[in-house]
Amino acid sequence: KEFNVAILGATGAVGTRMIQQLEQSTIPVKSVKLLASSRSAGKVLQFKGQDVTVEETTPDSFNGIDLVLSSAGGSTSKKFLPEAVKRGAVCVDNTSAFRMEKEVPLVIPEVNEKALYNHRGIISNPNCSTIQMVVCLEPIYKKFGLKQVIVSTYQAVSGAGQSALNELMEESQQVLNGEPTDPKILPTKGDKKHYQMAFNLLPQIDVFEQDGYYTHEEWKMIHETKKIMLDDMDAKDIKVTATCVRVPIRIAHGETVYFEVADKSATTDQIKDALDGADGVVLQDDTAHQIYPQSINAEGKRETFVGRVRPDYENEGAFNMWVVSDNLLKGAAWNAVQIAERLVADDLVRVPDNPYLG
Ligand code: A2P
């Protein structure tokens, strides 16, 4: 069987990578439809060397579509994905719109592929920073158990979209030229104030939660991790806390992850062994030769890179590690296409009789 695929948000930072990842995937593609807003309608992009004209998204855009890959913002997903499901399309959504819904599997193929069997038309891709952390925690959890995780992120600007990336480049040039900057997008487009990102760090990703303490990005890392690893967003079996910081780089998020395992006899070598060769993970850890993951080396790669794995000498059973991955690929486009590949392989590209319609 061959599939009619639609990419919603095809002109965006993630959407353009979805096109590329789909080109390189094992999915037999019959046709590709590229969808965006009216702003981009008529623009011509390419799929496997063929011109494809971008179309404005309407509910009927999904007639005859088997599979949707979407990354056009949460409100766009809320509006259109139920319409796509009604028309028989299975949707893999990169936005946070449906991630926490009970009826929606939140999937990292290396970790909880089986959850795909329960899908009712919509499958969510986790948050980019959650994905790369959990891909590394899972092999450790399986061997040694996990009690607590404390993560701090160093997140690239492309996570906020193409317009944020353009803003960083423009501001950097302005600062180098000694000109004033005029921030309009970062830290988060929807919030009231905007700050310079160039040569700066911003400890705000997404809006602040009702509690006035955590950002929504931090909330996502905490609760998505539990939904993926424990199948329960409020589970207390693994305690998770997060600090998310935007840094002025283009692509690839870095994370320092402190974790305490249940099996106190675990050694650093055993932790490194568990990571080495784990599905989707590449260990780059040789301090004698200054080998460790770097953002610029992770760009364009599907894998998650881990290094600086080391013991916390003050706490038994506790370790630190440094995790880097391309936020637009494993953190978004590749994870979505990888889910789609598994759906195809397991014959799950069909909407069941009790579809989830939002
Ligand atoms: P457009 O190019 O027409 O604005 P990014 O995450 O890089 O900001 O990209 C967002 C993507 O979502 C773009 O492809 C953008 O298309 C698309 N998009 C934004 N709003 C809508 C909408 N209301 N309907 C369809 N696509 C949208």
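## The loop with Pro187

Pro187 sits in the loop between α5 and α6, and a cis peptide bond with omega of about 5 degrees joins this proline to Leu186. Helices here are DSSP runs of H or I with at least four residues, strands are E runs of at least two, and both are numbered from the N terminus. This is a predicted model, where local features need pLDDT of at least 70 and side-chain atom pairs count only at pLDDT 80 or more, while totals for chains, interfaces and linings use all residues. Residues are numbered from 1 along each chain as its sequence is written, and side-chain values use heavy atoms, with hydrogens and water left out.

Helix α5 covers residues 162-176 and holds Leu176. Leu176 is exposed, at 62% relative accessible area (buried means under 20%, exposed over 50%, partly exposed in between, with a 1.4 Å probe and protein chains only). Together with Val175 and Phe199, Leu176 makes a nonpolar surface patch of about 320 Å². For the bookkeeping, patches take residues with over 30% relative accessible area and no salt bridge, joining like charges within 9 Å and nonpolar side chains (Val, Leu, Ile, Met, Phe, Trp, Tyr) within 5 Å. The areas come from the Shrake-Rupley method with a 1.4 Å probe, and for residues only the protein chains shown count as cover.

## Two domains

The domain assignment gives domain 1 (3-126 + 332-345) and domain 2 (130-327), with bounds that come from an automatic or database assignment. Their centres, taken over C-alpha atoms, are 25 Å apart. Across the boundary, 18 residues of domain 1 are in contact with 19 residues of domain 2, contact meaning heavy atoms within 4.5 Å.

## Nonpolar cores

A nonpolar core is a set of buried Ala, Val, Leu, Ile, Met, Phe, Trp, Tyr and Cys residues joined through side-chain atoms within 4.5 Å. The largest one has 43 residues, and Ile7, Leu22, Leu34, Leu69 and Leu343 touch the most other members. Among the elements that each supply at least two residues are β1 (3-8), α1 (13-23), β2 (29-36) and β14 (318-325). Helix α9 gives the most, with 9 residues. This core draws at least three residues from each of domain 1 and domain 2.

What does Leu22 contact, leaving aside neighbours within four places in sequence? The list is Val5, Ile7, Ile27, Val29, Val32, Phe47 and Val337. There's also a second, separate core of 39 residues, which includes Leu137, Ile140, Ile205 and Leu275.

Phe62 lies in the loop between β5 (55-56) and β6, yet counts as buried at 0% relative accessibility. With neighbours within four places in sequence left out, Phe62 contacts Ala6, Leu8, Leu35, Thr57, Val68, Phe80, Ala84 and Arg87. Phe62 and Gly88 are 26 residues apart in sequence, and their C-alpha atoms are 8.5 Å apart.

Ser40 is another loop residue, placed between β2 and β3.

## Salt bridges

Side chains of opposite charge can pair when their charged atoms come close. The rule here is a side-chain nitrogen of Lys or Arg within 4 Å of a carboxyl oxygen of Asp or Glu, and the count comes to 12 salt bridges. One of them pairs Glu113 with Arg342, with the closest N and O atoms 3.0 Å apart. Glu113 is in the loop between α3 (109-112) and β8 (122-124) and Arg342 is in helix α9, so this pair ties together parts 229 residues apart in sequence. Glu113 is partly exposed at 23%, and Arg342 is partly exposed at 23%.

Lys220 and Glu217 also form a salt bridge (3.4 Å, N to O). Both lie in helix α6 (residues 216-230), 3 residues apart, about one turn of the helix. Lys220 is buried at 8%, and Glu217 is buried at 4%. Elsewhere, salt bridges with shared partners join Asp60, Glu83, Lys86 and Arg87 into one network.

## Positive phi

Gln290 isn't a glycine, but has a positive phi of about 55 degrees. This residue is in the loop between β12 (281-283) and α8 (295-298) and is exposed at 60%. Asp347, in the segment after α9, also has a positive phi, near 55 degrees, and is exposed at 53%.
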